[in-house]
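Colleague: Could you walk me through this one? I would like to start with the strands and then move on to the rings.

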Amino acid sequence: MEDNYIDFELNNRKLKINKQNPYDILMLKTHSRYKLKNPRWNQLKIQTTPKGYKYINIKPKHYSLHRVNYYAHNPTWDIHDSSQDNFIDHIDNIKINNHIENLRVVTNQENQFNRKAKGYYWYKQRQKWMARIKLNGKQKFLGLFVLEEDARTAYLEAKKIYHIIK
């Protein structure tokens, strides 16, 4: 059983996470009201945010499960760094897939690349489809199109060029 878990610490608490099942997290309970004579490992309760992300509570803080799992596998990574360059991205864009193979560190902008965005809309004034893409916080105009499918194609082609995660 011990080989299936990664030991790590967070908020001065000893934790274990299952290598194959990121939903199996144990925390060493050393005291309740009084110090326990026999510390024991307790299963942590995993909760879900209104947006669908899984998290755990290690008092006094809530931690996103994907960040905890990434930290357990990469202990030199700073889990408390909330800068724009330290996001954990779900590669397949499925919030509940928190397996380590599906997680990577990206910037905030790179994290936005895999959002479900149409990238085009009907431009009423010109009676055409307008395609554009966002890059570095600014909209980049891709063109006006008579056919909706041409606007979609222009957006998807631009996405291949501009929305690359290295």
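**Sheet, helix and rings**

Modeller: Three strands, in the order β5-β6-β7, form an open sheet with antiparallel pairing; strands (E, at least two residues) and helices (H or I, at least four) are DSSP runs numbered from the N terminus, and two strands pair if DSSP finds at least two bridges between them. This is a predicted model, in which local features need pLDDT of at least 70 and side-chain atom pairs count only at pLDDT 80 or more, while totals for chains, interfaces and linings use all residues. Residues are numbered from 1 along each chain as its sequence is written, and side-chain values use heavy atoms, with hydrogens and water left out.

Colleague: How many of the residues in α1 are buried?

Modeller: In helix α1 (residues 65-73), 8 of the 9 residues are buried, among them Leu 65, Val 68 and Tyr 70. Buried means under 20% relative accessible area, exposed over 50% and partly exposed in between, with a 1.4 Å probe and protein chains only.

Colleague: Changing topic, how many aromatic pairs are there?

Modeller: The structure holds 4 aromatic pairs. The rings of Tyr 70 and Trp 77 have centres 5.3 Å apart and planes at 80°, so this pair is edge-to-face; rings of Phe, Tyr and Trp (its six-membered ring) pair if their centres lie within 6.5 Å, and planes under 30 degrees apart count as stacked, over 60 as edge-to-face and the rest as tilted. Tyr 70 has a relative accessible area of 14%, and Trp 77 has 11%.

Colleague: Why is the pair of Tyr 120 and Trp 129 edge-to-face?

Modeller: Their planes stand at 70°, with the centres 5.8 Å apart, so the pair is edge-to-face. Ring pairs link Tyr 120, Trp 122 and Trp 129 into a cluster.
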